[in-house]
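Could you walk me through this structure, from the overall fold down to the side-chain pairs?

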Amino acid sequence: MSKTLTVEYPDALPNMLNMSQSEFEREAKLAMSAKLFEMGKLSSSQAAELAGMARVDFLFELKRFGVSPIQTTADELHEDIANAKKAAGRR
């Protein structure tokens, strides 16, 4: 089941941005998905589904919004490195 979100915007807005109505709405949906991903509210798969596109395509689009496709904190990265070192030492 899915829900519908209605967002009101001025009729002239797509024209002001040199976009068709459908292009503007697609871009707005992608922008919302990118922001929710950046905030850590959605995984890349969830955000891609919300944007209505394949995950790989979504990840490539993130650059346009200044969002890194890798949302790992420094602490998480240090933990991953420590775990990798432990695993390598077990061999």
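Here is a tour that starts with the whole chain and ends with individual side chains.

Please keep in mind that this is a predicted model. The chain contains five helices and zero strands, so its pattern along the sequence reads α-α-α-α-α. The radius of gyration is 18 Å, while the globule rule gives 12 Å for 91 residues, and therefore the chain is more spread out than a compact globule.

How much of the chain is buried? Of its 91 residues, 15% count as buried. The chain exposes about 7,400 Å², and carbon and sulfur atoms supply 54% of that area. As for contacts between residues at least 6 apart in sequence, 36% join residues at least 24 apart.

Now let us turn to the aromatic rings. A pair of aromatic rings is described by the distance of the centres and the angle of the planes. The structure has two aromatic pairs. One of them is formed by F37 and F58, with ring centres 5.9 Å apart and planes at 85°; because an angle over 60 degrees counts as edge-to-face, that is the label for this pair. The pair links distant parts of the chain, with F37 in helix α2 (residues 21–38) and F58 in helix α4 (residues 55–61), 21 residues apart. Both F37 and F58 are buried.

Charged side chains come next. Side chains of opposite charge can pair when their charged atoms come close. Searching the whole structure gives three salt bridges. In one of them, E27 pairs with R64, and their closest N and O atoms are 2.9 Å apart. This bridge also links distant parts of the chain: E27 sits in helix α2 and R64 in the loop between α4 and α5 (74–89), 37 residues apart. E27 has a relative accessibility of 23%, so it counts as partly exposed.

R64 has a further partner, E61, with an N to O distance of 2.6 Å. E61 is partly exposed as well, at a relative accessible area of 25%. Through shared partners, the salt bridges join E27, E61 and R64 into one network.

The bridge between E38 and K35 has an N to O distance of 3.1 Å. Where do E38 and K35 lie? Both are in helix α2, three residues apart, which is about one turn of the helix. E38 is partly exposed at 33% relative accessibility, and K35 is partly exposed at 44%.

Note on methods: Residues are numbered from 1 along each chain as its sequence is written. This is a predicted model: local features need pLDDT of at least 70, side-chain atom pairs count only at pLDDT 80 or more; totals for chains, interfaces and linings use all residues. Side-chain values use heavy atoms; hydrogens and water are left out. Rings of Phe, Tyr and Trp (its six-membered ring) pair if their centres lie within 6.5 Å; planes under 30 degrees apart count as stacked, over 60 as edge-to-face and the rest as tilted. Helices (H or I, at least four residues) and strands (E, at least two) are DSSP runs, numbered from the N terminus. Buried means under 20% relative accessible area, exposed over 50%, partly exposed in between (1.4 Å probe, protein chains only). A salt bridge is a side-chain nitrogen of Lys or Arg within 4 Å of a carboxyl oxygen of Asp or Glu. The radius of gyration is taken over C-alpha atoms; the globule rule is 2.2 Å times the number of residues to the power 0.38. Contact means heavy atoms within 4.5 Å. Accessible areas come from the Shrake-Rupley method with a 1.4 Å probe; for residues, only the protein chains shown count as cover.
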